[in-house]
Amino acid sequence: MLQTAQRTAKSKRKKGATASLGEAAADRAVPPHERFLEAFRWMLLARTLEEKLVSLYRGGQITGGVYIGKGQEAVSIACGLFLEKGDIFAPLIRDQAGRSAFGEPLIDVTRTYLGSRLGPMRGRDGNIHRGHPRNNELAMISHLGAMISVTVGTLMAKRFKGEKNFVGLACIGEGGMQTGAFHEGMNIAAVEEVPLVVVATNNHYAYSTPNDREFACDDLVERAIGYGFEGYSLDGTDLAACLDVIGGAVKRARAGRPPQLVVASVLRLSGHGEHDDASYVPEEMKRYAFARDCLKVAEQTIIECNLLDPDTLAAWRKDAVAQVDDAIATAQKEPVPEGDKEDWCALSKRELMDQVDEGE
């Protein structure tokens, strides 16, 4: 049934297909150990960074909110790791692992959170809106769901310019999937047949709103066929599954298949932000399989499969701490913005703004 549905989607381009993880895995090779270890190291760096940011926030050294991706790093890293030069990435607030793998410098993160005048936001904006449009990392819009349309528009612009072999990947949470902007973006993506991958993380709470007050279907991946997407669901705590399924979705989109929807099930292992204690999450929910810590699950796999020795693991942890401490120490020494001396523009530096030649 799945193969028939996928052939229909490929020929008509307006039919979607859904598949379970087991069904989806049949046409893709298992990720090599090297890819698994590379992904784990990015996850480790992201977790180390965000734990440090939480500490700084609680110590009163960060203005604004801190929103971390604890428990979501396996999904996030798979989003950033398979994208290539020329691809478009639209991450959200819990996607530090994917941002780093896509090429975001660590110093940009610490400068933004600590309000450095030398950072990409020049210390003037919230710490989650950073991006590098020139490098194809789109700056996040807080109105969740809106980034789907932005990604689609960016892909269409690349098509109009005659570019080839590119993919766009946009991240979303299950709460953002209930917005009108999300539905409009998904619809136009399928109608225009753009090479889009949408990775939705169902962390079971849109802030404090549980799934049963957000949607009525059994699995959000069921919506794929209605949009004209191919859909796949997976266990977001399993790094190998995330690499396999999300990597496969990127490959299919690049090959000209219909847009792809991947829905990953996890439990957010922190509050919505560090201001939120997540006391609304029932204790029994924390015992479900989707509530596992993906970093611990990946490390256990590494140990059980003898992929690394304990000394190397310890060295990787030490290196992650050193990188984070160095980036934070640098940002802390840098000047903060002074309002009367600012040359205000949309981005921190005018040369970052894309210029269109008159002859184009």
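Mentor: Contact here means that heavy atoms lie within 4.5 Å, and helices (H or I, at least four residues) and strands (E, at least two) are DSSP runs numbered from the N terminus. The model is predicted, so to speak of a local feature requires pLDDT of at least 70 and to count a side-chain atom pair requires pLDDT 80 or more, while totals for chains, interfaces and linings use all residues. Residues are numbered from 1 along each chain as its sequence is written, and side-chain values use heavy atoms, with hydrogens and water left out.

Let us take α6 as the part to look at. This helix is mostly covered, with seven of its eight residues buried, where buried means under 20% relative accessible area, exposed over 50%, and partly exposed in between (1.4 Å probe, protein chains only). L106, D108, V109, T110, R111, T112 and Y113 are the buried residues of α6, and they pack against α3 (33-58), α5 and α12 (310-332). After the helix comes G115, with a positive phi near 75°.

E137 has its place in the loop between α6 (106-113) and α7 (146-160), and it counts as buried because its relative accessibility is 2%. Its side chain makes a polar contact of 2.8 Å with the side chain of R99; such a contact is a pair of N or O atoms within 3.5 Å, where within protein one must be able to donate a hydrogen and the other to accept it, and residues adjacent in sequence count only if both atoms are side-chain atoms. Setting aside residues up to four places away in sequence, E137 touches F89, P91, R99, F102, E104, R130, G131 and H132.

Two of those neighbours, F89 and F102, bring us to the aromatic rings. The structure holds six aromatic pairs, counted when ring centres of Phe, Tyr and Trp (its six-membered ring) lie within 6.5 Å, with planes under 30 degrees apart called stacked, over 60 edge-to-face and the rest tilted. The ring centres of F89 and F102 are 5.3 Å apart and the planes stand at 55°, so this pair is tilted. Because F89 lies in strand β2 (residues 88-90) and F102 in helix α5 (residues 96-102), the pair ties together parts that are 13 residues apart in sequence. F89 and F102 are both buried.

Another pair, F182 with Y227, is edge-to-face, at 6.0 Å centre to centre and 80° between the planes. F182 belongs to helix α8 (residues 180-191) and Y227 to helix α9 (residues 224-227), so this pair ties together parts that are 45 residues apart in sequence. F182 and Y227 are buried as well, and together with F229 they form one aromatic cluster.

Leaving aside neighbours within four places in sequence, V198 is in contact with I148, A170, I172, F182, M186, F229, Q260, L261 and V262.

E38 and L81 are 43 residues apart in sequence, yet their C-alpha atoms are 9.0 Å apart in space. L81 is one of the buried residues of α4, a helix (residues 73-81) that is mostly covered, with nine of its nine residues buried.

For the chain as a whole, there are twelve helices and eight strands, and 54% of the 360 residues count as buried. Of the contacts with a separation of 6 or more, 74% are between residues 24 or more positions apart.
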